[in-house]
Amino acid sequence: MAGFLKILFRNLLQGPSTDPYPLGETFSPERIRGTVRIDPELCMGCGMCRYSCTAGAIHIKHRADGTGYTISVWQDSCCLCASCRHYCPTGAVSIDNDWHHAHEDADKFGMLEQQTITYEPCSHCGTPIRPIPLPIARRLYARNPELDPDIIRHLCPKCRQIEDAKRNACHLPQHGETQAHDDSVAASAAPVKK
Ligand code: SF4
Ligand code: SF4
């Protein structure tokens with residue numbers, strides 16, 4: 001009895017040791033999986049996240065006029081498995097620690113992480129494209145210091161191919177050089193007189 005009274009008085013003096021949530025605030029562990037976020041600067045619309053999402057929580061809707069797309073993550077379906085984050089090739093998916101998802105039933109279709117990406121015209125031919133995100137372009141062209149990733153990323157795949165072909169084209173010998181080259185080949189191939 002004395003032990004119980006001791007604990008009772010101590011608790012009365014110290015107050016509750018639990019957080020008052022939901023009447024007050026509580027803490028959020030830094031690494032808790034709370035909400036999936038999409039970075040519109042990094043998303044390329046490749047669909048890998050949608051493909052890997054077993055919960056079917058990700059939707060990518062391309063505009064009919066081909067000018068961009070909207071990517072949505074429905075939080076009520078998301079089970080926070082982090083598969084989308086794992087497989088996203090550009091690092092556009094992150095999961096923050098905001099777990100405050102309680103909502104009225106009427107609000108359920110608003111529980112979305114949604115980003116709309118608008119295509120830009122290719123800087124050579126004008127075809128609408130999703131430019132390569134700058135950090136990705138820097139990584140891709142890290143071994144080509146002669147190229148400016150910030151310029152190359154605004155080209156469509158076809159124009160990039162043409163630029164690559166121009167850059168890698170062989171140096172074709174001029175007429176005089178061809179003649180000299182043929183003579184030297186003929187001389188080296190001539191039979192040696194014994
Ligand atoms: S979030 Fe990542 S995986 Fe999903 S479409 Fe964008 S780039 Fe692709
Ligand atoms: S965390 Fe898992 S369930 Fe949620 S959107 Fe990503 S892949 Fe789908």
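Two residues are taken to be in contact if their C-beta atoms, placed from the backbone, lie within 7 Å. The structure is a predicted model, in which local features need pLDDT of at least 70, side-chain atom pairs count only at pLDDT 80 or more, and totals for chains, interfaces and linings use all residues. Residues are numbered from 1 along each chain as its sequence is written, while chains are lettered from A and ligands numbered from 1 in the order in which they are written.

The secondary structure of the chain comprises 7 helices and 7 strands, where helices (H or I, at least four residues) and strands (E, at least two) are DSSP runs numbered from the N terminus. Read from the N terminus, the elements follow the order α-β-α-β-β-α-β-β-β-β-α-α-α-α. Of the 194 residues in the chain, 9% are buried. A residue counts as buried if 20 or more other C-beta atoms lie within 10 Å of its own, as exposed if 12 or fewer do, and as partly exposed in between, with C-beta atoms placed from the backbone. Among contacts between residues at least 6 apart in sequence, 67% join residues at least 24 apart.

An open sheet is formed by 3 strands in the order 2-3-5, with antiparallel pairing. Its edge strands are strand 2 (58–62) and strand 5 (112–118), each of which pairs on one side only. Neighbouring strands of this sheet are turned by 15° against each other on average, direction ignored; axes are lines fitted to C-alpha atoms, for helices over the stretch in contact, and angles run from 0 to 180 degrees between N-to-C directions. Two strands are said to pair if DSSP finds at least two bridges between them. Strand 2 and strand 3 (residues 68–74) are joined in the antiparallel sense by 5 bridges. In this pairing, Ile58 has Val73 of strand 3 as its bridge partner, and His62 stands opposite Tyr69 in strand 3. The hairpin of strand 2 and strand 3 has 5 residues between the strands, and Gly66 in this hairpin takes a positive phi near 70°. Strand 3 and strand 5 pair over 7 bridges, also in the antiparallel sense; Gly68 is bridged to Thr118 in strand 5.

Ile71 is located in strand 3. This residue is classed as buried because 22 other C-beta atoms lie within 10 Å. Residues up to four places away in sequence not being counted, Ile71 touches Ile38, Cys43, Gly45, Ile60 and Gln115. Ile71 and His59 are 12 residues apart in sequence, and their C-alpha atoms are 5.8 Å apart in space.

Helix 1 (residues 2–14) has 13 residues and should span 18 Å at 1.5 Å a residue, in agreement with the 18 Å between its end C-alpha atoms. The expected span of a helix is 1.5 Å times one less than its number of residues. Helix 1 is hardly covered, with 0 buried residues among its 13. Just after helix 1, Gly15 adopts a positive phi of about 85°. Helix 6 (residues 157–168) has 12 residues and reaches 16 Å from its first C-alpha to its last, close to the 16 Å expected. Helix 6 is likewise hardly covered, and the count of buried residues among its 12 is 0.

Most residues other than glycine have a negative phi, and most peptide bonds are trans. In the loop between helix 1 and strand 1 (35–38) lies Pro22, and the peptide bond from Tyr21 to Pro22 is cis, with omega near 10°. The loop between strand 3 and helix 3 (83–87) contains Leu80, whose phi is positive, near 60°. Leu80 counts as partly exposed because it has 16 C-beta neighbours inside 10 Å. Ala82 lies in the loop between strand 3 and helix 3 and takes a positive phi near 75°. With 14 other C-beta atoms within 10 Å, Ala82 is partly exposed.
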